[in-house]
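Please look over the model below before reading the points that follow.

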Amino acid sequence: MNSLSTTARFASRISLLSLAFASMAILVACESGPSRTYSNVNFELDSSHDSIYVGESVTVWAETENTIGREPEIKWTTTGGDLEELRNGSVVRVTFDTPGTYKVSGRLELEDGVDRMDNVTVLVRQLP
């Protein structure tokens, strides 16, 4: 009887150790989870017009993909005109008062130093 209880205790300890190792493996797998990778991030600007007259405005917006559920932060610049941000910075309206060719640029900034840049060119013509 004594050897049976020793065997039963040994089997119980083996089962308990197996359960502990399985639990540790599950915890490690959950903790490591999927890593945040931004290699497939797409960022592209589009505009309402590529040619306008002096005094008119052009609207430029950003199209983003694969930002992993984060609201993208976009920094806008222009080589001329008056820039106004709309819709939490995802859209801008630029009004031009002088004829010329201008660039409106956007820079998408994500964590980990990942960023993307794009621009659109706008031709501003003198009124006829």
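**Notes on the model**

1. The largest nonpolar core holds 20 residues, and those with the most contacts inside it are Leu45, Val60, Trp76, Phe96, Val104 and Val124. A nonpolar core here is a set of buried Ala, Val, Leu, Ile, Met, Phe, Trp, Tyr and Cys residues joined through side-chain atoms within 4.5 Å. At least two residues of this core come from each of strand E1 (42-47), strand E3 (57-65), strand E4 (73-78), strand E6 (91-95), strand E7 (100-109) and strand E8 (115-125).

2. This is a predicted model, in which local features need pLDDT of at least 70 and side-chain atom pairs count only at pLDDT 80 or more, while totals for chains, interfaces and linings use all residues. Residues are numbered from 1 along each chain as its sequence is written, and side-chain values use heavy atoms, with hydrogens and water left out.

3. Leucine 45 touches Val60, Trp61, Ala62, Trp76, Val104, Ser105, Gly106, Asp118, Asn119 and Val120, leaving aside residues up to four places away in sequence. Contact means heavy atoms within 4.5 Å.

4. The protein has 1 helix and 8 strands, in the order α-β-β-β-β-β-β-β-β from the N terminus. Helices (H or I, at least four residues) and strands (E, at least two) are DSSP runs, numbered from the N terminus. Of the contacts with a separation of 6 or more, 57% join residues 24 or more positions apart.

5. Of the 128 residues, 23% are buried; buried means under 20% relative accessible area, exposed over 50%, and partly exposed in between (1.4 Å probe, protein chains only). The protein exposes about 8900 Å², with 53% supplied by carbon and sulfur atoms. Accessible areas come from the Shrake-Rupley method with a 1.4 Å probe, and for residues only the protein chains shown count as cover.

6. The count of salt bridges is 4, each a side-chain nitrogen of Lys or Arg within 4 Å of a carboxyl oxygen of Asp or Glu. Side chains of opposite charge can pair when their charged atoms come close.

7. Lysine 75 pairs with glutamate 73 in a salt bridge, the closest N and O atoms being 3.5 Å apart. Lysine 75 is partly exposed at 42% relative accessible area, and glutamate 73 is partly exposed at 43%.

8. Arginine 93 and glutamate 84 form a salt bridge at 3.4 Å, N to O. Arginine 93 is partly exposed at 34%, as is glutamate 84 at 39%.

9. Arginine 107 and aspartate 115 form a salt bridge at 2.3 Å, N to O. A network of salt bridges links Arg107, Glu109 and Asp115.
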